Amino acid sequence: MNDNVKVTTTLATSITRQVIDVSASATSPTSDYFVVIPSKLATKLSFIGVKQDSASLTPSQPVTKGFLTTFKVPLSDRVPKGGKVELAITLVWADLVSPYPKVISQTDSNQKYLYTGNLYFFSPYSTTSQATVVKLPNSKEPVSYSEDFDNVKRTSNQITYGPYSNIPELTEKVFKIHYFNNDAALVVKKFEKTVRLSAWSPELLVQEDFEVHHKGAALKGHFSRVDYKLNQYQHHMTNVVKSFKAILPSRAYDVYYKDAIGNISTSHFRKERTQSVLELQPRYPIYGGWRFSWFHGYTVTDSLALKEIDDPDAKPVDLPIDISKMFPIDLSSTTYELKLRMTPSIKGLPLQTSVLKVILPEGATNIRVESPFFIDTEKRSTTFTYFDTTGRPTVVLEKSNVVDDFSDPIKIIYSRPNYVSYQKPAAIVTVTVSVLLGLWLLSLLDLTIIKDKKTVEKELVTKLKLKISGLVAKEKAAKTALNMSLNSYKLIKKLERLKESETSNFSIMTSCQSVIANVAKQTPFHPTFQAKVSLLANHFTDKINLIKKKHSLVQTFVESKSDDEDKSDEFTEQIEIVESKLRATQTLIDACLVDIEAL
């Protein structure tokens, strides 16, 4: 039974914090205290913490049954019947308040939020007396708040309800407060922190990926750069976000950042005595309804985060072969303890999903995770980086609804055999020697492509046959052109045209004959082929000479213009003799071509 309860609710934007001071008495001996919330609100609860006389208690995992979600809190000591217990319960809620109205202009300095809550402490125990205090983020007069209750009083930035008496268990009574708050309501939809450990020193390579959403009142209309500049001295009165400040370790170095669309235009990094500060300023400020993604990272040497420990639970190195008898290798292991947080370097941001990815050194074994709070999922995988042989063991922890209250470090304990330190140098030496050996063996190989002599000769003969066929066709076309020009000359008696035709076509025929004679010289390895081609070249020479003789006789006959029939008959007879010889020569050429093709 709750004797006296005081609920203090602090309203902000993204996070609502409740501190419930409970003075209870046991109606029967008990060792536990139960905290319940409506199941419909379970997804919005980010953190629950309980203290008894300043000593922290650990609530159990929530159990949902019906409309109730229950947390069992083991007390530090068993409480007898009638015994008293003093508890301080802290509940941190995300997304419990919402902007109202949901849309405002760019220069509006009156962003308002609506909070809806339970006037009473929702408890499975009856309550004798309770007071509820709501702290507003400023002293402005609220737009409205529930006043239709007894004992309601407002002073400055605080509204007090009660005290109220004799409240039954699981009592709900809704009250609302509509208040002013120009702060931005930032929520990180997904946060991922990747930590990679060096195999040689206590050096941590840290990268944080953010996807931030502005859940405040959405921007009405389009963004105006002019209005933004003109009202730059009033930005603190609006919900705009102009920059982000990340608090890094004091020894952080090699700091970097990047965003997908290049929105970050300005950054500042400075080292202070106890911390380092990285400020990122986007080119476009972040208004309600907008989102922004980026990642930043750094390297830090932190002997406090990573240190050697004595682990009685460490298991010895188990190898299928005892190589210590063959090589002077130390098979002992060193156990390390790594302390990391799931919270980001930017404070005050609720994380809908937080992922902590830890890439341990190659060879890490006996890995276990010790967390001061419950982790939703834990996964194991292997990551390969430069010169890794067996890969780096990777631990991936995931938790939803994470706030700054989860700042207690998570311990990751692992063992690493000492001989693994030689694994990477051995891999580098092995790869280098293998490459050099491969190059040496390659230099010993004769990679010249040499074909069989007979095959090469056969391919050459085939190519020359094709070449001869092309030359014969070209010569035949030139001969046809000469015949046409000669017939034309007989009719129109224009000697200039005939001479032009003779000059070009005899040149072609002579060139073809010359090339064919050259072909014969290229095949000393094939005497038969060489003889046939040489004979073909000679026949072409005879053919050219006969055609020239025929043209000469025709020209002489035409130019003489003689009416003497005897003389005409003589010219005709001489021309027929030449043509007969031409036909005989062509027959010899065709026979040579058939023989060449058959070879």
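This note lists local features of the structure that a new reader may want to check.

1. Basis. The model is predicted, local features are given at pLDDT of at least 70, side-chain atom pairs count only at pLDDT 80 or more, and totals for chains, interfaces and linings use all residues. Residues are numbered from 1 along each chain as its sequence is written, and side-chain values use heavy atoms, with hydrogens and water left out.

2. Backbone background. Most peptide bonds are trans, and most residues other than glycine have a negative phi. The next two points list exceptions.

3. Cis peptide bonds. Y100 and P101 are joined by a cis peptide bond with omega of about 10°. P101 sits in the loop between β9 (97–99) and β10 (103–104); strands (E, at least two residues) and helices (H or I, at least four) are DSSP runs numbered from the N terminus. The bond from G162 to P163 is also cis, with omega near 15°, and P163 belongs to strand β15 (residues 158–167).

4. Positive phi. D53 is not a glycine, yet its phi is positive, about 55°. D53 is found in the loop between β4 (45–52) and β5 (55–57). D95, not a glycine either, has a positive phi of about 60° and lies in the loop between β8 (84–94) and β9. D53 is exposed because its relative accessible area is 58%, while D95, at 48%, counts as partly exposed. Here buried means under 20% relative accessible area, exposed over 50%, and partly exposed in between (1.4 Å probe, protein chains only).

5. A buried aspartate. D259 lies in the loop between β21 (253–258) and β22 (264–271). D259 is buried and has no salt bridge (a side-chain nitrogen of Lys or Arg within 4 Å of a carboxyl oxygen of Asp or Glu). The nearest side chain of opposite charge, R283, is 6.8 Å away; Lys and Arg count as positive, Asp and Glu as negative, and His and the chain ends are not counted. The D259 side chain reaches the backbone nitrogen of G262 at 2.9 Å and that of N263 at 2.4 Å. Apart from neighbours within four places in sequence, D259 is in contact (heavy atoms within 4.5 Å) with I264, F292, S293 and W294.

Key: Polar contact = N/O pair within 3.5 Å; in protein donor to acceptor, adjacent residues only side chain to side chain.
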